[in-house]
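The following exercises are to be worked through with the sequence and the coordinates at hand. Each task sentence is followed by a solution in steps.

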Amino acid sequence: MYDLIVVGAGHAGCEAAHVAGKLGSKVLMITMNMETIAKMSCNPAMGGVAKGQIIREIDALGGMSAIVSDYSMMQFRMLNTSKGPAMWSPRSQNDRIMFSLKWREILESNPNVDFVQDSVNQILIDKSRAIGVETSSGVKLYAKSVVLTSGTFMNGIIHIGNQQTTGGRMGDRASYGITEQLLALGLDSGRMKTGTPPRVDGRSINYAILEEQPGDVDPKCFSFRKPSKIDKQHSCHITYTNEKVHDILRSGFKDSPLFNGSIQGIGPRYCPSVEDKVNRFAERTRHQIFVEPEGWNTCETYINGFSTSLPQNIQYQALREIKGFENAKIFRPGYAIEYDFFYPTQLNLSLETKAIENLFFAGQINGTTGYEEAACQGLIAGINAHQKLSNKAPLILNRSEAYIGVLIDDLVNKGTNEPYRMFTSRAEYRILLRQDNADLRLMEIGFELGTITEDEINNLRLKQQNILELSKLIKTKTITPAEANPMLTKYNTAEIPQNYFIDKILSRPQINYRHLLELESMRDILSPYSMDELEQVEILLKYDSYIKSEKENVEKLLRLEHYKLDSSFNYNTIESLSLEARDKLNTIRPTSVGQASRISGVSPADISVLLVHFGR
């Protein structure tokens, strides 16, 4: 008897198993192949716009994705630095093999995690409660909770041109039985589609004529808890398709499963296949291609932007017309994959299914796309499975606390009919939810849960103390015109006529803390503090009014979260509600008026009705 069985060993499964074991639950991880634990099935990269914020939030809550990403990092880039800090997003290029091996090492180092290599085809259920699983070999394994992280494996079908094969990804078989069982129990499922590009022999690429994309000059890392910066980086490269490439791709449209009706599932809107881009944006004469290395010790190369399910000969011909790929050799063709998912409106905010107690879903089974989205769901599902076994309240992050909260809130309250991807634009409080302050936002929560150690929280509290101290210091220390003016002129901002407080200089958009460190007197004042602390103080200073305004909005909306609702209440009894609101409220069963207000189809007028009805 285990406390928790985790089905699947992708990014969601790894985070769920590790964090539950870390908290003290006895965990069994079941995977179809022990050699593919935490395999990066698509691009060998972590982070990116909003996704980098999620990785840092996972780290602040005690998860391991940031630490694994830093360990296997080949390149680091902070995206969107030309914009405000709410848009800055860390991204890494990773060694695919190192990433997987490090995750396996971490899991095997957790004494509370056991492993079984097998395929699960049934969830064992007793009186609407999950009690274990049955494998394809007929073995029954029992647990108090089950976390299902099936990825793209449930009834997976791989498409390459007119060829169709069953599989969860190229080289791995699909999983059968669970969808049919859960449908019989009343859950609703759908089909989604994703894809991957061909992998090319890097020795056959002419890098000399491609545009080089190096990493940052001063690379950072993801983890707050165990910062580990890389000392060497591997460049990526950029090239483009052209009209001849597009003509070749069009010649294969008749055999494309995307256009001939073979694929029924809906694909990701923001990561379309190259044939879809050529078809939808016919006026474009070229599309950008990122040439990304798969590892330090392999020449296999990921062709980001060329995801396709066209016939292999079309893929080959089109690739060879791209600049730098004239002699390209394909290791593995691109393909599309269709798989089952379950509509996430059938979940509680804890990620436990409403219909079956102690059964949790995490990752692509909930309709998301991306490693980062999957990993954070696995972390929350693993924490909440443990919390429930311990008779403790679930961890439910609200939209003002974390991108993770935004993601889960969107899934449960709005649902999705297409692969869900996180963007900064989905978060209404993104000035608060920056990548630089994820530790300040969430690490105390992790410490209370038990996922953050005492040493880690003490380091955070020292950082908080230094930020507060430095914020006060720059408001009391001054800088003279003699010292400041040459620097101010250098960076195209007005000179000062008299001594100025440091905060008045730093608040100028042209000046940052690195500029101040060029001055000897400023180095004496600022050098005792870390670069992260200096950056944090600068952001808080420059965006003070925006941050205050956003916090005020949060406080107003959080009042609605305090008005609790009975999840068993029958909303059909409130005739003043619209018919759509009654239907949506009865389906989603919100636990607060705040959650009800975010359900698609529930209007502000309906919220007013609820407040009046419940005496608020």
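**Exercise 1. A three-stranded sheet**

In the predicted model, Phe 76 stands opposite Ser 92 of strand E5. Starting from this pair, determine in which order the strands of the open sheet are arranged.

Solution. 

Step 1. Strand E4 (73–79) pairs with strand E5 (residues 89–94) in the antiparallel sense, over six bridges. A further residue that faces E5 is Met 73, which stands opposite Asn 94.

Step 2. E5 also pairs with E3, again in the antiparallel sense, over three bridges. Here Ala 45 has Gln 93 of E5 as its bridge partner.

Step 3. The order of the three strands is therefore E3-E5-E4, in an open sheet with antiparallel pairing. E3 (45–47) and E4 are the edge strands; each has a single partner strand, so one side of each has no neighbour in the sheet.

Step 4. On average, neighbouring strands of the sheet are turned by 20° against each other, with direction ignored.

**Exercise 2. Nonpolar cores**

Identify the residues of the largest nonpolar core that touch the most other members, and list what Val 133 is in contact with beyond its neighbours within four places in sequence.

Solution. 

Step 1. The largest core holds 92 residues, and those that touch the most other members are Trp 103, Val 133, Val 147, Leu 182, Phe 361, Leu 397 and Ile 404. Helix H9 (residues 371–389) supplies the largest share of this core, with nine residues.

Step 2. With neighbours within four places in sequence set aside, Val 133 is in contact with Ile 5, Val 7, Ile 30, Val 120, Gln 122, Ile 123, Leu 124, Val 139, Lys 140, Leu 141 and Val 146.

Step 3. A second, separate core has 24 residues, among them Ile 479, Ile 502, Ile 511 and Leu 526.

**Exercise 3. Helix H13**

Which residues of H13 are buried, and which elements do they pack against?

Solution. 

Step 1. In H13 (residues 481–490), the buried residues are Pro 481, Ala 484, Asn 485, Met 487 and Leu 488.

Step 2. These buried residues pack against strand E21 (478–479), helix H14 (502–506) and helix H15 (513–516).

Step 3. After H13 comes Asn 492, with a positive phi near 60°.

**Exercise 4. Aromatic rings**

Classify the ring pairs of Phe 253 with Phe 259 and of Phe 342 with Phe 361.

Solution. 

Step 1. The distance of the centres and the angle of the planes describe a pair of aromatic rings. The whole structure contains seven aromatic pairs.

Step 2. Phe 253 and Phe 259 lie 4.6 Å centre to centre with 55° between the planes, a tilted pair. Phe 253 counts as buried at 16% relative accessibility, whereas Phe 259, at 31%, counts as partly exposed.

Step 3. For Phe 342 and Phe 361 the centres are 5.7 Å apart and the planes stand at 45°, so this pair is tilted. It joins distant parts of the chain, with Phe 342 in strand E19 (residues 335–342) and Phe 361 in strand E20 (residues 359–361), 19 residues apart. Both Phe 342 and Phe 361 are buried.

Step 4. Ring pairs also connect Phe 569, Tyr 571 and Phe 614 into a cluster.

**Exercise 5. Charges over rings**

State which ring the charged end of Lys 102 sits over, and which ring Lys 232 lies over.

Solution. 

Step 1. The charged end of Lys 102 sits over the ring of Tyr 71, at 4.6 Å from its centre.

Step 2. Lys 232 lies over the face of Trp 296, 4.7 Å from the ring centre.

How values were computed:
Residues are numbered from 1 along each chain as its sequence is written. This is a predicted model: local features need pLDDT of at least 70, side-chain atom pairs count only at pLDDT 80 or more; totals for chains, interfaces and linings use all residues. Side-chain values use heavy atoms; hydrogens and water are left out. Buried means under 20% relative accessible area, exposed over 50%, partly exposed in between (1.4 Å probe, protein chains only). Helices (H or I, at least four residues) and strands (E, at least two) are DSSP runs, numbered from the N terminus. Contact means heavy atoms within 4.5 Å. A nonpolar core is a set of buried Ala, Val, Leu, Ile, Met, Phe, Trp, Tyr and Cys residues joined through side-chain atoms within 4.5 Å. Two strands pair if DSSP finds at least two bridges between them. Axes are lines fitted to C-alpha atoms, for helices over the stretch in contact, and angles run from 0 to 180 degrees between N-to-C directions. Rings of Phe, Tyr and Trp (its six-membered ring) pair if their centres lie within 6.5 Å; planes under 30 degrees apart count as stacked, over 60 as edge-to-face and the rest as tilted. A charge sits over a ring if NZ of Lys or CZ of Arg is within 6 Å of the ring centre and within 35 degrees of the ring normal.
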